[in-house]
Amino acid sequence: MKDTLIEQAEIFVRTELGEDPTGHDWYHVDRVRRSALHICKEEGLGDPLVIELAALLHDIPDEKLIDTVEQGRAKLGSFFKSNIVPANIQDHIFEIIDTISYKGGRKIELKTIEAKIVQDADRLDAIGAIGIARAFAYGGKKGQLIYHPNIQVREKMSLEEYRSGKSTSIHHFYEKLLKLKDLLNTNTARKMAEKRQQMMLSFLEQFFQEWDGQDL
Ligand code: ADP
Ligand code: NI
């Protein structure tokens with residue numbers, strides 16, 4: 001039963017998000033699944049089935065990718081129904097997905113280790129070399145500039161400002177990506193984040209050297 005359910009979830013996500021051009025495509029989902037299962041194994045904590053399913057399904061009801069969150073939740077509900085997923089697992093997965101998103105810096109206390117692990121895995125994919133690539137893919141698709149020196153880095157912002165306020169992809173590093181390493185829940189993820197953080201810091205250093213013509 002487990003393998004078929006996972007296989008069905010894979011097919012469902014591939015169909016829904018397969019080629020999303022904002023960095024939330026199938027391969028993002030697959031990396032989050034892999035990292036989440038790795039953290040689960042290293043920490044020796046959490047139910048691997050819930051973790052794997054939540055990781056696979058976490059971006060289905062994402063407001064960035066669909067018209068309304070309700071639409072995404074309904075899609076997820078029909079997936080659960082047609083695959084006869086037990087009610088307690090459905091509830092747990094909905095709770096994980098509802099609580100793990102960053103959304104401009106909101107802090108929700110996560111109730112279960114499964115939620116903490118999937119959140120860590122999703123955040124690890126937002127940093128490092130992949131995180132850099134995803135930020136510019138997202139920024140390009142949303143029509144924002146690579147960088148603009150006159151735009152201020154925002155410290156606190158509402159969800160509305162976070163989603164639609166004026167910003168650039170370089171600003172996103174200061175508004176979110178560089179902060180993520182201190183917001184991780186597990187030691188395994190904190191360890192994995194070290195090299196990724198270094199990667200972003202050296203990228204930004206080099207970016208500004210080239211921007212200012214210091215390498216001329
Ligand atoms: P969440 O869904 O957890 O709230 P985000 O909405 O911040 O997370 O989106 C996830 C990923 O999308 C980020 O890690 C980043 O790669 C990209 N992203 C989101 N907003 C921006 C932005 N303004 N500029 C560049 N990339 C962004
Ligand atoms: Ni994600």
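How many helices and strands are there in the chain? In this predicted model, the chain contains 10 helices and zero strands, where helices (H or I, at least four residues) and strands (E, at least two) are DSSP runs numbered from the N terminus. The radius of gyration, taken over C-alpha atoms, is 18 Å, close to the 17 Å that the globule rule gives for 216 residues, so the chain is as compact as a globular protein of that length; the rule is 2.2 Å times the number of residues to the power 0.38. Along the principal axes, the C-alpha atoms fill a box of roughly 60 × 35 × 30 Å.

Residues are numbered from 1 along each chain as its sequence is written, with chains lettered from A and ligands numbered from 1 in the order in which they are written. Local features need pLDDT of at least 70, side-chain atom pairs count only at pLDDT 80 or more, and totals for chains, interfaces and linings use all residues, while side-chain values use heavy atoms, with hydrogens and water left out.

Around ligand 1 there are 16 residues, of which Lys64, Gln144, Tyr162, Arg163 and Lys176 come nearest; a residue is counted as near if one of its heavy atoms lies within 4 Å. Helix H7 (128-141) and helix H8 (159-164) are the elements that give two or more residues to this shell, and H7 supplies the largest share, three residues.

Polar contacts (pairs of N or O atoms within 3.5 Å) involve several side chains. A polar side-chain atom of Gln144 lies 2.6 Å from a nitrogen atom of ligand 1, and a side-chain N or O atom of His172 is 3.4 Å from a ligand nitrogen atom. For Ser101, a side-chain N or O atom is 2.8 Å from an oxygen atom of ligand 1.

Technical notes
A polar contact is a pair of N or O atoms within 3.5 Å; within protein, one must be able to donate a hydrogen and the other to accept it, and residues adjacent in sequence count only if both atoms are side-chain atoms.
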